[in-house]
Amino acid sequence: MEKILCFLFLTVGLLACNPDKERKVNSAEAKFTTSDASELFFKNVRQGYYDKETMDAAKLNIYRIKERNQDGNQPIINLAIVINWRYDEAYVLTEPNAYLQQQDTLTIFWQDTVQQKQGIYEYLPGSKEMHYQFASHIYNSLQDKHQLYTESPEGEQVPFLARRAEREAFRKTMMDYYRLVDLY
């Protein structure tokens with residue numbers, strides 16, 4: 001009986017440590033305010049997975065996940081979580097790499113091979129809401145296991161966030177951001 005109870009507690013404990021990786025977030029629900037609890041969780045548990053840049057004059061801390069791909073020869077969008085500790089706010093910023101910075105409008109094509117659907121996400125750099133909306137659309141596409149593409153400067157379709165490591169770095173950053181603003 002003791003072995004069964006011990007096994008049951010271990011199983012429940014292991015399941016509790018693994019958040020729902022398939023969970024989607026309502027991308028229309030932009031939120032930037034943080035709570036003390038969410039900031040404390042980020043600083044004590046998640047901050048170690050990020051490179052930190054401090055901008056004391058602006059009272060901002062910028063976090064970029066350490067496992068991000070910094071290659072400039074393929075299309076990559078990395079994310080930065082910006083914590084504005086003066087106003088208890090957090091923002092997610094999209095950071096296209098050198099390959100994508102040549103484009104005025106960033107266009108990402110998505111394709112759902114199971115349901116035979118496809119679409120386009122377009123992004124012009126702008127407000128914090130625009131960064132949030134674009135990153136959330138990409139996150140939800142990753143959760144739906146869509147194939148993502150962009151166009152090369154020559155007009156050819158190039159896979160976007162095709163490698164598992166790139167997708168995971170993007171997904172983890174968005175999940176941490178959603179937790180930070182209490183959306184997840």
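Both faces of strand S3 (77-84) are covered, since Ile77, Leu79, Ile81 and Ile83 on one side and Asn78, Ala80, Val82 and Asn84 on the other are all buried, where buried means under 20% relative accessible area and exposed over 50%, with partly exposed in between (1.4 Å probe, protein chains only). The model is a predicted one, in which local features need pLDDT of at least 70 and side-chain atom pairs count only at pLDDT 80 or more, whereas totals for chains, interfaces and linings use all residues. Residues are numbered from 1 along each chain as its sequence is written, and side-chain values use heavy atoms, with hydrogens and water left out. Helices (H or I, at least four residues) and strands (E, at least two) are DSSP runs numbered from the N terminus.

**S3 and its partner strands**
- In a regular strand the side chains alternate between the two faces of the sheet.
- S2 and S3 run antiparallel and are joined by four bridges, two strands being counted as paired if DSSP finds at least two bridges between them; Leu60 stands opposite Asn84 of S3.
- S3 also pairs with S4 in the antiparallel sense, over eight bridges, and Val92 in S4 is the bridge partner of Ile81.
- The S3-S4 hairpin has four residues between its strands, and Asp88 in the turn has a positive phi of about 50°.

**The four-stranded sheet**
- An open sheet is formed by four strands in the order S6-S5-S7-S8, with antiparallel pairing.
- S6 and strand S8 (157-159) each have a single partner strand and stand at the edges, so one side of each is left without a neighbour in the sheet.
- The twist from one strand to the next averages 30°.
- Strand S7 (residues 147-151) runs antiparallel to S8 and is joined to S8 by three bridges, with Tyr149 opposite Pro159 in S8.
- H3 lies across S5, S6 and S7 and runs at about 155° to S6, the angle being taken from 0 to 180 degrees between the N-to-C directions of axes fitted to C-alpha atoms, for helices over the stretch in contact.

**The nonpolar core**
- The largest nonpolar core has 43 residues, and those with the most contacts inside it are Ile138, Phe170 and Tyr177; such a core is a set of buried Ala, Val, Leu, Ile, Met, Phe, Trp, Tyr and Cys residues joined through side-chain atoms within 4.5 Å.
- Among the elements that give two or more residues to this core are S2, S3, S5 and helix H3 (128-143), while the largest share, seven residues, comes from H4.
- Leaving aside neighbours within four places in sequence, Ile138 is in contact (heavy atoms within 4.5 Å) with Ile108, Tyr121, Leu148, Phe160, Leu161 and Phe170.

**Helix H2**
- Ser38, Glu39, Phe42 and Arg46 are buried in helix H2 (residues 36-46).
- Seen down the axis of H2, these buried residues fall within an arc of 100° and so line one face of the helix, the arc being that of the directions from the helix axis to the C-beta atoms.
- Asp36, Ala37, Leu40 and Asn44, on the other side of H2, are exposed.
- The cover over the buried residues of H2 includes strand S1 (50-55), strand S2 (60-65), S3 and helix H4 (164-180).

**A buried arginine**
- Arg68, in the loop between S2 and S3, counts as buried at 16% relative accessibility.
- The side chains of Arg68 and Asp51 are joined by a polar contact of 3.0 Å, that is, a pair of N or O atoms within 3.5 Å of which, within protein, one must be able to donate a hydrogen and the other to accept it, residues adjacent in sequence counting only if both atoms are side-chain atoms.
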